[in-house]
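Visitor: I'd like to learn how to read a protein model feature by feature. Could you walk me through this one?

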Amino acid sequence: MRFLMMTTDTGADQGPPDEAMQIEMGRFIEEMSKSGALLATGGLEPGGARITSSGGKVTVTDGPFAEAKEAVVGFALVETRTREEAIELSKRFYQIVGDGAGVIKQVFGPEDPMPGA
Amino acid sequence: MRRSGVHATIDAVWRLEAARIIAGLARMVHDIGLAEELAQDALVAALEQWPESGVPDNPGAWLMAVGKRRAIDRIRRRQRLEHKLEEIGRDQETQAPPEIDVPDDEHIEDDVLRLVFTACHPVLSTQARVALTLRMLGGLATDEIARAFLTSEPTVAQRIVRAKRTLSDAGVPFEVPEGPDRAARLSSVLEVIYLIFNEGYTATAGEDWVRTDLCQEALRLGRTLAGLAPGEPEVHGLAALMEIQASRIRARTGPSGEPVPLLDQDRGLWDRLLIHRGFAALLRAKKIGEPPGPYVLQAAIAACHAQAPAAEDTDWAQIASLYEILAGVAPSPIVELNRAVAVGMAHGPERGLELADALVDEPSLRGYHLLPSVRGDLLARLGRTDEARAQFENAAKLTRNEPERKILLDRAASLGDVPR
């Protein structure tokens, strides 16, 4: 099962991450890659472009946007056997980074019934 | 049936941590069977305590700490017993109790690699190696292994008990083999992982989810091994092969579960992420710069298919030459048969048929439906319709897969109306 774990902006002003935390995070990411759980990960730019399509017209608005809170700021695509395993990995992530918030969503794969199918 | 929250968490923690805990404890007690029992004791303690106390912040470390305590108890008890025997007057040399080697984060990966090699030791039967690997490295329960291999739980339990005893009786050391032994031992490990993968891969999708899950499990083991032994090209070769083969899972069965041959698959359904990972693993293998082994070669062949945007773009000449090298490195009738297909595509059906015909008396292919199926295909392309039809009919008789039988009979029937 694949899960997309997204960390969202909590609006809190976080200073630069300290070195010890970064080392620990590096080790955690390495361990997750080696175990085959981590397929891809990355951080996201704060702004970005917003695209809306309405009545056949596509509009592109460049950020930054006023409502930064709850915007996705980072992601990890993981492959685990159960949802609980993905949640366990996520818990370990937050034990390292400290305060924060995120969302975990299953990414449907070949073995999963497609919604509405 | 959904288990309660804490139990689901414990399951998840166990599956994520089992290999490391068992490996760490094996470092202490030098016996993977005993290490697994001690780890199971720790799991039982968690099942008793966590529903009351809550799940600890670092559940893996908690399990390891409990396991370590049990291991130390066990070692001390054994030392006391040995000491008593000495006092009774058995003429033994007095020794200071040996230092207990305690696992730590620094060495845990070495321990997991030792566990892989020990669980896949050639002293064990293939079935026993598979069961031990899934149990100790995958953290699978006995009933899950039984379901995955369509056998009964007591059979698997027996197999595991016997395997542990065999390892212990044979005094198999808890170590990564070095020297001339290493290559053979590594190929035993790779064989076990690929066997697990194929057990899942050949199961029809949707037949039983646990079986298709085996592909996932094997992939995970392959990726783990690539992380633990990054200097071995064949380890990356196997990982690459499995990633690329797994990329086709969605495309390889049709809507009613019938198998879709590689060349007829909708390539849009191939999982690009897995293909990409497969290529990356193959590159890592090539960078090491040794002559390619069987897994690297098979992965390279799979990569040729993955690279072709459409079936007709396939570089058959390249595939045919890779099969030729493979036939030199790891000769087998199945490789020859695949080579016949590739040569038939690259250099014409006549050349392919020569290779396929040479396999007719091969005892290990007797009863194997793909031989007549391949010959039927080559004969049909040469316009030898009657012979082709007979081959397809024969192949249909031999296959045990119902949808496949239908495809073969359809092909035979499609050749039926051609006048002599």
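Guide: Happy to. Helices (H or I, at least four residues) and strands (E, at least two) are DSSP runs, numbered from the N terminus. With that in hand, A:Lys57 belongs to strand S4 of chain A. Residues are numbered from 1 along each chain as its sequence is written, while chains are lettered from A and ligands numbered from 1 in the order in which they are written. This is a predicted model: local features need pLDDT of at least 70, side-chain atom pairs count only at pLDDT 80 or more, and totals for chains, interfaces and linings use all residues.

Visitor: Which residue stands opposite A:Lys57?

Guide: Strands of a sheet pair through backbone hydrogen bonds, either parallel or antiparallel. For a pair to count here, DSSP must find at least two bridges between the strands. A:Ser54 is the residue opposite A:Lys57. Strand S3 (residues 49-54) and strand S4 (residues 57-62) of chain A pair in the antiparallel sense over six bridges. S3(A) and S4(A) make a hairpin with two residues between them, and A:Gly55 in the turn has a positive phi of about 55°.

Visitor: What is the order of the strands in the open sheet of chain A?

Guide: Four strands make up that sheet, in the order S2-S5-S1-S6 (chain A), with antiparallel pairing. At the edges are strand S2 (38-43) and strand S6 (101-107) of chain A, each pairing on one side only. From one strand to the next, the twist averages 15°. Strand S1 (residues 2-8) of chain A is antiparallel to S6(A), and seven bridges join them.

Visitor: How many helices and strands does each chain have?

Guide: Chain A has two helices and six strands, following the pattern β-α-β-β-β-β-α-β along the sequence. Chain B has 18 helices and zero strands. The C-alpha trace of chain B spans about 95 × 50 × 35 Å along its principal axes. As for burial, 15% of the 117 residues of chain A count as buried, and 43% of the 420 residues of chain B do.

Visitor: Where do helices H1 and H4 of chain B meet, and at what angle do they cross?

Guide: Axes are lines fitted to C-alpha atoms, for helices over the stretch in contact, and angles run from 0 to 180 degrees between N-to-C directions. Angles under 35 degrees count as roughly parallel, over 145 as roughly antiparallel, 65 to 115 as roughly perpendicular and the rest as oblique. The axes of H1(B) and helix H4 (residues 108-119) of chain B come within 8 Å and cross at roughly 90°. That makes H1(B) roughly perpendicular to H4(B). Two residues are in contact if their C-beta atoms, placed from the backbone, lie within 7 Å. Residues of H1(B) including B:Ala19, B:Ile22 and B:Ala26 meet residues of H4(B), among them B:Ile108, B:Val112 and B:Leu115.

Visitor: Which residues touch the most other members of the largest nonpolar core?

Guide: In soluble globular proteins, nonpolar side chains tend to be buried together. A nonpolar core is a set of buried Ala, Val, Leu, Ile, Met, Phe, Trp, Tyr and Cys residues joined through C-beta atoms within 7 Å. In the largest core, of 117 residues, those touching the most other members are B:Ile22, B:Leu25, B:Leu115, B:Ile193 and B:Ala299. The largest share of this core, 14 residues, comes from H1(B). A second, separate core of nine residues includes A:Phe3 and A:Leu38.

Visitor: How many residues of each chain are in contact with the other?

Guide: The contact involves 19 residues of chain B and 12 residues of chain A. On the chain B side, helix H1 (5-29) and helix H9 (209-228) each supply at least two residues, and the largest share, eight residues, comes from H9(B).

Notes:
Buried ≥ 20, exposed ≤ 12 C-beta atoms within 10 Å, placed from the backbone.
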